[in-house]
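Please look at the chain shown below and keep it in view while reading this report.

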Amino acid sequence: MYVVCKDHVELAIDKFVDEFEEAPDIVDLEHTKFIDWEPPITCEECQCEAKFLIV
C-alpha cells in the first residue's frame with residue numbers, strides 16, 4: 001500500500017507491480033472516506049499533499 005501525491009502515482013504503481021506482480025487499485029483520497037483509518041496527509045516520497053492510495 002502506498003499513499004502518494006499526483007507526481008508519484010506512476011512510481012507507486014511500478015513499486016506495487018514489482019512487489020505483488022499484479023495491477024493495483026488506485027483510490028482517490030479526495031473522494032473517499034474511511035471509517036477506521038485516516039490516511040497520511042503527506043506523500044511517502046515527498047512532502048506534498050497525499051492524493052492517492054495505491055493498493
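Is Lys 15 buried, partly exposed or exposed? With a relative accessible area of 31%, Lys 15 is partly exposed, where buried means under 20% relative accessible area, exposed means over 50% and partly exposed lies in between, for a 1.4 Å probe and protein chains only.

The model is predicted, so local features need pLDDT of at least 70 and side-chain atom pairs count only at pLDDT 80 or more, while totals for chains, interfaces and linings use all residues. Residues are numbered from 1 along each chain as its sequence is written, and side-chain values use heavy atoms, with hydrogens and water left out.

**Salt bridges**

The structure holds 3 salt bridges, each being a side-chain nitrogen of Lys or Arg within 4 Å of a carboxyl oxygen of Asp or Glu.

| Salt bridge | N to O distance |
|---|---|
| Lys 15 and Glu 45 | 2.6 Å |
| Lys 51 and Glu 30 | 2.6 Å |
| Lys 51 and Glu 49 | 3.6 Å |

Because Lys 15 lies in helix α1 and Glu 45 in the loop between β2 (26-28) and β3 (52-54), their pair ties together parts that are 30 residues apart in sequence; helices (H or I, at least four residues) and strands (E, at least two) are DSSP runs, numbered from the N terminus. Glu 45 is partly exposed, at 35% relative accessibility. Salt bridges also link Glu 30, Glu 49 and Lys 51 in a network, in which Lys 51 has 24% relative accessibility and Glu 30 has 46%.

**Cysteines**

How many disulfides does a search of the whole structure find? The search finds 0, a disulfide being a pair of cysteine sulfur atoms within 2.5 Å. The sulfur closest to that of Cys 43 belongs to Cys 5 and is 3.8 Å away, which is too far for a bond. Cys 48 is likewise in no disulfide, with the nearest cysteine sulfur, that of Cys 46, 3.6 Å away. Cys 43 is buried, at 4% relative accessibility, whereas Cys 48 is partly exposed, at 39%.

**Helix α1 and Pro 40**

Asp 18 lies in helix α1 (residues 9-20) and is exposed, with a relative accessible area of 64%. Its C-alpha atom is separated by 23 Å from that of Pro 40, which is 22 residues away along the chain.
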